[in-house]
Amino acid sequence: MIVLVQLSVLLAAGSLFFFWAWHRPGWVIFAAVSISALLDLLNIEVSGVHLGIFGVNLLIDDAACIVLLGTSLLLLLQYRKSFPRDAVPCLALIVLSALSFSRGVSTFGHKAAEISVANLLIFATPALAIMLVRPAFRLDTIRLARWLRWAGLCLGAVALLRWAGLLSIPVELADPLREVVRSLPSDYAVIVGQAFIAAIYLQLVERRSAWWWAGAGIFGMLTFALQHRSVWVATAGGLAWLAFRTVRLSPVRWLGFGVTAGVALCVIIVAAPMDLLESMHKMATINVQETQSKNSTWAWRVEGYKEAAARLLASEPVDMLIGPPAGWQEKTTLSFASTHIHSRYIDALAYSGIVGFTVLLLWFGMLAKRVSWPAESLYGRSAYDHVGTIFLEALLISELVYLVPYFGGVLQGAILGLIWVAAKQNNISIGTCRVAFATHQSDPRNKPATLLS
């Protein structure tokens, strides 16, 4: 009887999912990514659904991966387009994870094998699904920046509510060394930093008032107050790239930004209470001193990287190439840092072998090539396309830098997919501008596309 009920529920859920994913694939992907990220952010424990007929316990992350992969297959059937070449490495990582899982189930059991491959699947499946859904919607760089801005506002609100005591702060974020505790995990704090980059980009292209700079400054202050050093470095890298590449295109705007930031800093120093200034100085000092200590988290991670690399090089040829069977960390005597690796690059090397590490770098390289501006001619570049490309490059740099000390999650995979879709849209706009320029060449009465003045 219980088996019949489970089969009926699965059949009804599958039918509803098929109908919704076929007609609204973008909303299905958005719901899967948002629900998975929200439950993790709010630290809501979901025990999952035990499927007795299959002998597995379906967790929320597992369900999200199934929904994303199922939607991806439906999209291929619906649009009947060739598989995007840039998505092949992403699919290859998923195949390697499936191969590792199948090898590990018989040796270490289903639960241990599932935990081992979960990180890579949660990272890769959102990117794959979003890349395949591109024909269903148009996403330009301005819309992506606005989405990031709203995401940053929502996450900033959660951080403020936790600091105010209206929401509980997860135990893993509580640190007695810090006067102001971290209120968001790093996977969410980096989105706030990217919202900071997006706010500055919108100011450059939409030419808002000086008050808009103040709004962008709030994102910068939140990024600093969240106290994740990796997020600081990733955001600084993206901002530096954005500033370096656009300062010659819009020097007046950047001069206004510098003057506004300088005036705001002077006002804060003069008008802010001494307690606030001391607290900010203490936050910066504590985080810098922590990196210089012998027991710093970075030193702990580097030791784990070395152990994981040494274990891989000492393993069998098959394990060295495609990674060990999933669940191997349950039987190893290596340290915790070498099994729970906080780096997307080293994690791919340790769990997917040399092939997986190479495929990951290939994916990032193809994405960087897609995002970067074509090297042909300067003609045909519009203002929005040119600055939009620089914005996408800045976002990608912040993502790639952040993935050095962290393996990333569902949001990071989704951002990479959105960057690719926006880059494809930007290339379409480039083609439109080139047609306009060619039309101008044939008939000078037509106005060509111009660069940002």
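**Before you look: what "buried" means.** A residue is called buried when its relative accessible area is under 20%, and exposed when that value is over 50%. Keep that cut-off handy for the close-ups of this predicted model.

**View 1. Gln227, a loop residue with a positive phi.** Find the loop between α8 (210-226) and α9 (229-246), and you'll find Gln227 there. Its phi is near 60°, a positive value in a residue that isn't glycine. Now, is Gln227 buried or exposed? Its relative accessibility is 1%, so Gln227 counts as buried, given that the cut-off is under 20%.

**View 2. Gln203, a buried residue in a helix.** Here we move to helix α7, which covers residues 186-206 and includes Gln203. With a relative accessible area of 1%, Gln203 is buried.

**View 3. Stepping back to the whole chain.** Zoom out and you've got 17 helices and two strands. The chain has 453 residues, and 45% of them count as buried. Take the contacts with a separation of 6 or more: 79% of them come from residues 24 or more positions apart.

How values were computed
Residues are numbered from 1 along each chain as its sequence is written. This is a predicted model: local features need pLDDT of at least 70, side-chain atom pairs count only at pLDDT 80 or more; totals for chains, interfaces and linings use all residues. Side-chain values use heavy atoms; hydrogens and water are left out. Helices (H or I, at least four residues) and strands (E, at least two) are DSSP runs, numbered from the N terminus. Buried means under 20% relative accessible area, exposed over 50%, partly exposed in between (1.4 Å probe, protein chains only). Contact means heavy atoms within 4.5 Å.
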